[in-house]
Amino acid sequence: MIAQLRFELGLVWSFLRSGGGSRAAVIALCTALVSGLLMVAVTVVMVTWVPAREHEQLSNLVSQGGLRGGYVFALLLICIAPLALLQQVVRLGTASREQRLAALRLAGATTGDVRRLGAIEVGLPALAGGFLGLVVFGLLRVVFGGTPLSGPRTTYVESAVAQQFQLVPTTIHPPWWGLLLIALGVGLLGVCAGAMTSRSLLISPLGVSRRAPRSAPRPWALLLIVVAVALFILAVYKLNSVDYLSPGAEGRRTIADLCLFGALGTFLLGVIALAPWVAYRIGRVVAARASTVPVLLAGRRLATDPRPAGRAAAAVGAIAVVAGGTGATLGGVVSRSNYGGGAEVVGRVDPFFAVSLLLVGLMLLAALLLVVFSLAVHGVESLSDHRRSVASLAVLGVSRHELEAAQRWEVGLVAIPMAVIGVCIGSAPMLSFSADNPLTTWIPLLVDGATVLLVWVAVRASARMTRPWLVRAAAPASLRTP
């Protein structure tokens with residue numbers, strides 16, 4: 001058993017050295033980000049039982065119990081972008097990997113052996129990234145750590161804005177076994193992702209084929225959105241009916257918050273799961289009405305195999321939902337600040353809201369940057385798997401500019417609609433309960449428009465990043481690719 005494991009690890013190491021090093025590095029980076037964010041979330045949750053606010057100066061997001069749950073939920077939402085990139089990277093190089101699997105079968109390996117090797121090939125860098133999350137966790141503590149109120153580092157942050165950036169407790173230390181479980185859990189997630197890439201494949205010495213042709217995606221994810229709407233209505237009803245002076249009000253408020261978080265999480269899952277169906281429907285409509293070569297190629301690809309492009313654009317919809325909600329919240333905050341609502345000073349936004357919204361905006365931009373790489377990885381995967389067809393089109397007279405435009409249209413036809421759907425879902429519930437004020441309308445519209453514009457820039461950037469792979473795929477030598 002030990003000898004077999006050693007042999008399989010040696011094979012995996014040879015695979016990584018022969019060209020999979022960059023893929024393994026990206027997998028490790030994604031899992032490190034997820035692991036580090038989860039460790040921060042666990043530390044913040046521990047504040048509920050160990051009151052860090054008595055020992056250090058922290059942001060209101062951490063020190064106030066009513067806001068802490070939302071902060072933890074936001075940390076979990078940030079994990080969506082690196083997980084989407086991880087899913088795309090795991091599927092990168094499908095054609096070459098399938099050839100390698102067939103060669104292993106020809107050499108005498110069983111189907112279980114090659115699938116186990118595929119899981120180990122992804123699981124090892126994922127496990128390494130899980131433990132590298134400790135480094136990410138340490139860096140976040142250094143940059144966004146709270147200020148202890150006792151000891152040699154005793155200092156007080158006089159600026160209210162600077163205090164709101166102290167988002168990670170430093171006087172609370174999660175147990176070593178908790179950090180170990182997080183690292184191992186993230187590594188196991190990578191192993192499962194590697195194993196599922198070949199779940200629907202029939203691996204034989206003669207090659208790799210699908211067990212059965214996949215049916216067209218179905219819009220079952222709309223049920224999740226319906227459930228999310230119901231949860232949101234229930235949460236609003238609970239919040240409006242809470243009498244904060246009556247006994248048991250805290251419990252009812254907790255139930256309302258759980259319904260609200262459940263609604264947002266279900267919204268995001270529904271939008272992500274709906275992306276392949278959106279890609280399929282758009283592909284069929286565009287292919288039937290296309291008047292140019294790039295649009296026709298993109299529509300045919302989406303109609304034939306919509307799931308890869310849908311997976312690549314799924315994170316765009318999730319980010320757009322959060323961006324839409326943020327824009328609506330920003331409109332409400334600025335409106336109350338300018339028109340004298342609550343405890344804010346007229347003409348000035350409270351530092352807590354300003355810093356919170358700024359952090360959300362920065363996180364959205366960082367997530368969008370990861371989406372650019374995710375879309376680029378999808379483009380590389382598509383070109384690697386269809387090199388012969390791309391080279392055939394180039395030989396038949398399709399220009400390189402048209403092939404690049406087809407790549408851009410293939411991603412953009414899904415990413416832009418998903419962005420529009422996301423911002424509408426994210427901002428509509430907030431706007432429906434906002435005051436009748438021009439700021440509560442124009443600011444969300446500006447944020448929504450900026451989000452869609454940034455997604456369009458991300459699509460163009462990803463297409464530009466895949467240009468070298470397109471040039472190689474369009475070369476006549478690619479006609480010999482099996």
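**Notebook: cavity and cores**

I began with the largest cavity, and its lining is made up of Leu375, Gly379, Gln407, Arg408, Val411, Ser462, Ala463 and Thr466. By cavity I mean a set of points on a 1 Å grid over the protein atoms alone where a 1.4 Å probe fits but cannot get out, with lining residues having an atom within 4 Å of a point.

A note on the source: this is a predicted model, where local features need pLDDT of at least 70, side-chain atom pairs count only at pLDDT 80 or more, and totals for linings use all residues. Residues are numbered from 1 along each chain, and side-chain values use heavy atoms, without hydrogens or water.

I then looked up the volume, which is about 40 Å³ for the largest cavity; volume here is the space filled by probe spheres set on the grid points. The structure holds 1 cavity of 30 Å³ or more.

Which helix gives the largest share of this lining? I found α15, with 3 residues. Helices α13 (351-385), α15 (400-432) and α16 (439-465) each supply at least two; helices are DSSP runs of H or I, at least four residues, numbered from the N terminus.

Next came the largest nonpolar core, with 55 residues, where Ile27, Val414, Ala415 and Met418 touch the most other members. Helix α12 (306-338) contributes the most to this core, 11 residues. A core joins buried (under 20% relative accessible area, 1.4 Å probe, protein chains only) Ala, Val, Leu, Ile, Met, Phe, Trp, Tyr and Cys through side-chain atoms within 4.5 Å. I also noted a second, separate core of 24 residues, including Val34, Val62, Phe137 and Val186.

How values were computed
Buried means under 20% relative accessible area, exposed over 50%, partly exposed in between (1.4 Å probe, protein chains only). On a 1 Å grid over the protein atoms alone, a cavity is a set of points where a 1.4 Å probe fits but cannot get out, and a pocket is an open set with protein on both sides within 12 Å along at least five of seven lines; lining residues have an atom within 4 Å of a point.
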